[in-house]
Amino acid sequence: MVLNKIMGIKKVLLPGPIHIPEDILQYAALKPISHRSRDFIDLLSIIINDLRVIMDIDKRDHLILMPGSSTIGIEAIFSNIIDENTKVLVLEYGFFGYRIREIVSRYTNNVKSIKYKFPSIPQKCEIMNILERENYDIIALVHNETSIGYTIRFLPDIAKIVHEKDAYLVVDGVSSIGTEEFKLGKWGIDAVITGSQKALGGLPGLSIIGFSNRLYERIQDLRYKGHKVPFYFDIPLYLDEYKNHGWIPTTPPINSLYVLYKSLEKIVNMGIDRYLDLHKTRAFKVYEYAFNQGLKPIIMDPYYRSNSVAVFYLENSLPIVDEIRRRYRILLAPGVGEYRNKMIRIGMMGFIDLSDIIEAIDLILKHISK
């Protein structure tokens, strides 16, 4: 009965997992192969090379895939680079910034969080002043905060200040990689984590972790001093297994890799610049249409407005989201946490058609006017 309901879903317009076109999704039905086979090694090699292109990670730096949600990757990075003496500064302007703080606080008591209470959002000048003023070993932030639709578009400026303090910059890029320009090495980002189920166009199940050789030296230094991490989060193990054998230490979701392979192939063939422009142009048209129809965006300044998810004020959003799901088989998302019933969020990642998003907005407006 439950699967019958799921089979009837027509469009997925969530902030993740995203809608996957049928020509890509069909590869999920292939039979899983051995994750120690030659075919798997070849598949993983192509996927990692494509990810390096999309995330602009050259051979001097590192990229690994870790089975699990994006949160696994975030946890893995922090567990490898934080001990009880590490000072961490977290910029918190939404739910996922809060989650970073929760993760980091399990590894060190020296956590300071700069919190912004919605509807307040951080301006560039504020963040730069904070980074200049505070003392820290690691700065952690969310590139694109899907809970409110806020994006930071000055990561190179942040990285410059962080490195001047001989600190490290860790970026949650879960919903930004593929929708926002990103250059790990050229910008001086020390670590970024994303997931297969967002703008990279795949199924859930894979955490993608890119990190600088500079950060890896810190990992090795802490390890030399006796720092221990759980086996599953052991980043040097993942690097060694891939270097020596071409595979992942644990069993990955094979069928998710099939879908990711085909989606990355499509993105690379299109060209990453064109793919980014697709998201930028589509987001502009979505916001323009919605605003003209009377919906008020959460983030009014386009400079900070997300290309990944459109977020609007909407009182009593839960019944509307539920009715659109039941009547039209279209999945939208309400707000998060205390704003769950006061916002509506529309995912704009991947190869979804603009017309599908416009249709969803029209349905929202239809139910508002009742």
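Guide: Start at Asp56, which is partly exposed at a relative accessible area of 21%. The scale is this: buried is under 20% relative accessible area, exposed is over 50%, and partly exposed is in between, using a 1.4 Å probe and protein chains only. The model is predicted, so local features need pLDDT of at least 70, side-chain atom pairs count only at pLDDT 80 or more, and totals for chains, interfaces and linings use all residues. Residues are numbered from 1 along each chain as its sequence is written, and side-chain values use heavy atoms, with hydrogens and water left out.

Now the backbone. Asp56 is not a glycine, yet its phi is positive, about 55 degrees. Most residues other than glycine have a negative phi, and most peptide bonds are trans. Asp56 sits in the loop that joins helix H3 (38–55) to strand E2 (62–67). Helices (H or I, at least four residues) and strands (E, at least two) are DSSP runs, numbered from the N terminus.

Asp166 counts as exposed, at 59% relative accessibility.

The peptide bond from Gly16 to Pro17 is cis, with omega near -5 degrees. Pro17 lies in the loop between strand E1 (11–12) and helix H2 (22–25).

H10 spans residues 235–245, and its buried residues are Ile235, Pro236, Leu237, Tyr238, Leu239 and Glu241. They pack against E2, H4, strand E10 (206–211) and helix H9 (213–224). Contact here means heavy atoms within 4.5 Å.

H4 is next. This helix covers residues 70–81, 12 residues in total, and reaches 17 Å from its first C-alpha to its last, close to the 16 Å expected at 1.5 Å a residue. The expected span is 1.5 Å times one less than the number of residues. In H4, 10 of the 12 residues are buried, so the helix is largely enclosed by the rest of the structure. Among them are Ile74, Ile77, Phe78 and Ile81, along with Glu75 and Asn80.

Go to helix H14 (residues 354–368), which holds His367. H14 has 15 residues and reaches 21 Å, close to the 21 Å expected. Its buried residues include Asp356, Ile361 and Leu365. Their cover includes E1, helix H12 (272–292), helix H13 (317–328), strand E12 (330–331) and strand E14 (343–347). His367 is itself buried, with a relative accessible area of 8%. Leaving out residues up to four places away in sequence, His367 touches Ile320, Glu323, Ile324, Arg327 and Tyr328.

Met128 lies in helix H6 (residues 124–133). Met128 is buried, at 15% relative accessible area. Beyond its neighbours within four places in sequence, Met128 is in contact with Phe154, Asp157, Ile158 and Ile161. Met128 and Met270 are 142 residues apart in sequence and 35 Å apart in space, C-alpha to C-alpha. Pro119 gives another pairing: its C-alpha is 8.6 Å from that of Ile299, although the two are 180 residues apart along the chain. Pro119 is in the loop between strand E4 (111–115) and H6, and is exposed at 57%.

Now zoom out. The chain has 14 helices and 14 strands. Its radius of gyration is 20 Å, close to the 21 Å that the globule rule gives for 370 residues, so the chain is as compact as a globular protein of that length. The radius is taken over C-alpha atoms, and the rule is 2.2 Å times the number of residues to the power 0.38. The C-alpha atoms fill a box of roughly 65 × 55 × 35 Å along the principal axes. Buried residues make up 57% of the 370. Of the contacts with a separation of 6 or more, 72% join residues 24 or more positions apart.
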